[in-house]
Amino acid sequence: MKLNDARDPLPSPAAMPIIEILVGIDGLTQKRALQDPDGNRITLLPAGTDGITGLAVRLRVAELDRSQRFYTDVLGCDLLAPGTLRCADARILLEQGDTPASDDQPALAALGLRYLTLQVFDCDLAYARALANGASGAREPVTLGSTARIAFIRDPDGVWIELSERASVTGKPFA
C-alpha cells in the first residue's frame, strides 16, 4: 500500500469513482467499517472474505462491461466474476452507478482516494501497451531520481492509474 501526503492544503474532491478500500486481515473475526479524517471509506474484513486476503478497491463505474474490458484487456487483470477482478494479489470490485460527468473528471491532487498504483517491471513498455489497447494517456513516463519511473493513464471513468517501475522492486537502477 502506498500513501501520499501533501505539505499544502488540498482542495476538496468532486465525486470520486474510487469509493472504498477494503483490507483482509488475518485473525479479524468481524467486518469493521471505518472512515479516515478525510471521509474515505475503509473496511476491514476477516482475511478470505469474498476472496479478499489483502487489499481491494471498490470503484463506481458507468458501464460495467466497458470497465471490465478495460481492466482485463488494457491492464491484464483476471475477471473472476462479474464486477470482480484480480490484479496480482489485490481485487478490483466494480459497482455500476453514477460517475462524474466527463467534463468534471477528478483532479489528481485533492483530498481523498485519488488514484491506483500498479507496480510494473517496465514503465515505458506498460504505458505504450496501455495506450495501444485503448487507455487514455494522462502523464507520460518520467523518472523520479533514483527511486522510480512512473506514468499515468486513466480508465473509462476517469480514475487515475499510476504505472510505477520502482528500483527497489525491479532491481534496475535509474540514472
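The questions and answers below concern the chain shown above.

Modeller: This is a predicted model, in which local features need pLDDT of at least 70 and side-chain atom pairs count only at pLDDT 80 or more, while totals for chains, interfaces and linings use all residues. Residues are numbered from 1 along each chain as its sequence is written, and side-chain values use heavy atoms, with hydrogens and water left out.

Biologist: What percentage of the residues of the chain count as buried?

Modeller: Buried means under 20% relative accessible area, exposed over 50%, and partly exposed in between, with a 1.4 Å probe and protein chains only. Among the 175 residues of the chain, the buried share is 39%.

Biologist: In what order do the four strands of the open sheet stand?

Modeller: Two strands pair if DSSP finds at least two bridges between them. β8 and β9 (136-144) stand at the edges with a single partner strand each, so one side of each is left without a neighbour in the sheet. The pairing is mixed, and the order is β8-β11-β10-β9.

Biologist: Which residue is the bridge partner of V142 in β10?

Modeller: β9 and β10 run antiparallel and are joined by six bridges. In β10, the partner of V142 is I150.

Biologist: What angle does the direction of helix α2 make with that of β9?

Modeller: Axes are lines fitted to C-alpha atoms, for helices over the stretch in contact, and angles run from 0 to 180 degrees between N-to-C directions. Contact means heavy atoms within 4.5 Å. Helix α2 (residues 123-132) packs on the sheet and touches β9, β10 and β11 (160-166). Its direction makes with that of β9 an angle of about 175 degrees.

Biologist: Why does the pair of Y115 and F152 count as edge-to-face?

Modeller: Rings of Phe, Tyr and Trp (its six-membered ring) pair if their centres lie within 6.5 Å; planes under 30 degrees apart count as stacked, over 60 as edge-to-face and the rest as tilted. By this rule the count is three aromatic pairs. The rings of Y115 and F152 have centres 5.3 Å apart and planes at 80 degrees, so this pair is edge-to-face.

Biologist: How many residues apart are Y115 and F152?

Modeller: Y115 lies in strand β8 (residues 115-119) and F152 in strand β10 (residues 148-154).

Biologist: Which residues form one aromatic cluster?

Modeller: F152 and W160 have ring centres 5.8 Å apart and planes at 80 degrees, so they too are edge-to-face. W160 is buried at 9% relative accessible area, whereas Y115 is partly exposed at 23%. The cluster is formed by Y115, F152 and W160.

Biologist: Which residues of the largest nonpolar core touch the most other members?

Modeller: A nonpolar core is a set of buried Ala, Val, Leu, Ile, Met, Phe, Trp, Tyr and Cys residues joined through side-chain atoms within 4.5 Å. The largest one has 30 residues.

Modeller: Strand β5 (residues 78-81) and strand β6 (residues 84-87) pair in the antiparallel sense over three bridges, and L79 has L85 as its bridge partner in β6. The two strands form a hairpin with two residues between them. The residue in the turn with a positive phi, of about 85 degrees, is G83.

Biologist: Is D50 buried or exposed?

Modeller: D50 is found in the loop between β3 (41-46) and β4. Its phi is positive, about 55 degrees, although D50 is not a glycine. With a relative accessible area of 67%, D50 is exposed.

Biologist: What is the phi of A88?

Modeller: A88 is found in the loop between β6 and β7 (90-96), and counts as exposed at 65% relative accessibility. A88 is not a glycine, yet its phi is positive, at about 60 degrees.
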